[in-house]
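Q: I have a chain open and would like to go through it with you. Can we take it piece by piece?

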Amino acid sequence: MPKNIQTEHIDRMFPFEFYDELSGQLAGYTIMNSAFFLEGHIHINKNKKREMFESNREKVEKHTLNQNNILSVEPIGELLMLDTCCTNDQKEAILKGGLQRSQVPISILAVQLYDSSAQPVLASDVSEETIARIPEILWDDPNLLIAIVSLTEEGPNVGILKSPAHIEQHIERMVFENTESPESNEEQHHE
């Protein structure tokens, strides 16, 4: 079972257009790829932005984000890590010189695509042959979960930006069970 999805498949499924459309929807976050990180501070045309994106992506691919890029996070399960990101406040502090990129806590843009039976597709138990047949994915695909995973000392924190309805319901049930269980147990002990 793969612990990562090959770079060629990620590049095909999540091209520049995916990131370009998604970047405007990332409430409070900025993708660290320089094509989007510098957006609003320098004016570049779409072709130059695409060149910057591809150049930055090639540099990142030589590092570790595309190795072991499937991360299991509760309560969601496995997510495919796509790119690093930061909050808009952190971005401004970096650009003004008050913070170095290395001082910013690691946050990762992560996704999961679900099939018609609500099973994860971008997962370690899915064969590479199946992954190779997945076409380009659109950011607004109703079966796509998009999350920001922040790696903290206490463990990963997940912020869900967009999710299929069945995943939202699953998470709500888990949160409800976790908040209701201690009180229910206390009530039973007092009776």
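Q: Is Cys85 buried or exposed?
A: Cys85 is buried, with a relative accessible area of 3%. Keep in mind that this is a predicted model.

Q: And Cys86, buried or exposed?
A: Cys86 is buried, at a relative accessible area of 0%.

Q: How many disulfides are there?
A: The count comes to zero disulfides. Cys85 is in no disulfide, and the nearest cysteine sulfur, that of Cys86, is 7.1 Å away.

Q: What else touches Cys85 and Cys86? Start with Thr30: which residues does Thr30 touch?
A: Not counting residues up to four places away in sequence, Thr30 touches Phe36, Phe37, Cys85, Cys86, Asn88 and Lys91.

Q: Where is Thr30?
A: Thr30 sits in strand β1, which covers residues 29-31. Thr30 counts as buried, at 7% relative accessibility.

Q: What does the side chain of Thr30 make a polar contact with?
A: With the side chain of Asn88, at 2.6 Å.

Q: Zooming out, what does the secondary structure of the chain come to?
A: Seven helices and six strands. From the N terminus on, the elements run α-α-β-α-α-β-β-α-β-α-β-β-α.

Q: How much of the chain counts as buried?
A: Of its 191 residues, 39% count as buried. The accessible surface of the chain comes to about 11,100 Å², and 49% of that belongs to carbon and sulfur atoms.

Q: What about contacts between residues at least 6 apart in sequence: how many join residues at least 24 apart?
A: 64% of those contacts do.

Q: On to the core. Which residues of the largest nonpolar core touch the most other members?
A: That core has 32 residues, and Phe14, Phe18, Tyr19, Val111 and Leu122 touch the most other members.

Q: Which elements give two or more residues to this core?
A: Helices α1 (7-13), α2 (16-23), α3 (34-37) and α4 (46-61), together with strands β3 (77-87), β4 (107-113) and β5 (144-152). The largest share, four residues, comes from α2.

Q: Now the rings. How many aromatic pairs?
A: The count is seven aromatic pairs. One of them is Phe16 with Phe53, which is edge-to-face, with 5.5 Å centre to centre and 65° between the planes.

Q: Where in the chain are Phe16 and Phe53?
A: Phe16 is in helix α2 and Phe53 in helix α4, 37 residues apart, and the pair links distant parts of the chain. Phe16 is buried, with a relative accessible area of 1%. Phe53 counts as buried too, at 1% relative accessibility.

Q: And what kind of pair do Tyr19 and Phe36 form?
A: A stacked pair, at 6.5 Å centre to centre and 25° between the planes. Tyr19 is in helix α2 and Phe36 in helix α3, 17 residues apart, and this pair also links distant parts of the chain. Both Tyr19 and Phe36 are buried.

Q: Which residues do ring pairs link into a cluster?
A: Phe14, Phe16, Phe18, Tyr19, Phe36 and Phe53.

Q: Last topic, Arg12. Where is Arg12?
A: Arg12 is in helix α1. At 29% relative accessibility, Arg12 counts as partly exposed.

Q: Leaving aside neighbours within four places in sequence, which residues is Arg12 in contact with?
A: Ile131, Ala132, Arg133, Ile134 and Glu136. Arg12 and Glu136 are 124 residues apart in sequence, and C-alpha to C-alpha they are 5.9 Å apart in space.

Q: What lies 3.5 Å from a polar atom of the Arg12 side chain?
A: The backbone oxygen of Ala132.

Terms used:
Residues are numbered from 1 along each chain as its sequence is written. This is a predicted model: local features need pLDDT of at least 70, side-chain atom pairs count only at pLDDT 80 or more; totals for chains, interfaces and linings use all residues. Side-chain values use heavy atoms; hydrogens and water are left out. A disulfide is a pair of cysteine sulfur atoms within 2.5 Å. Buried means under 20% relative accessible area, exposed over 50%, partly exposed in between (1.4 Å probe, protein chains only). A nonpolar core is a set of buried Ala, Val, Leu, Ile, Met, Phe, Trp, Tyr and Cys residues joined through side-chain atoms within 4.5 Å. A polar contact is a pair of N or O atoms within 3.5 Å; within protein, one must be able to donate a hydrogen and the other to accept it, and residues adjacent in sequence count only if both atoms are side-chain atoms. Contact means heavy atoms within 4.5 Å. Rings of Phe, Tyr and Trp (its six-membered ring) pair if their centres lie within 6.5 Å; planes under 30 degrees apart count as stacked, over 60 as edge-to-face and the rest as tilted. Accessible areas come from the Shrake-Rupley method with a 1.4 Å probe; for residues, only the protein chains shown count as cover.
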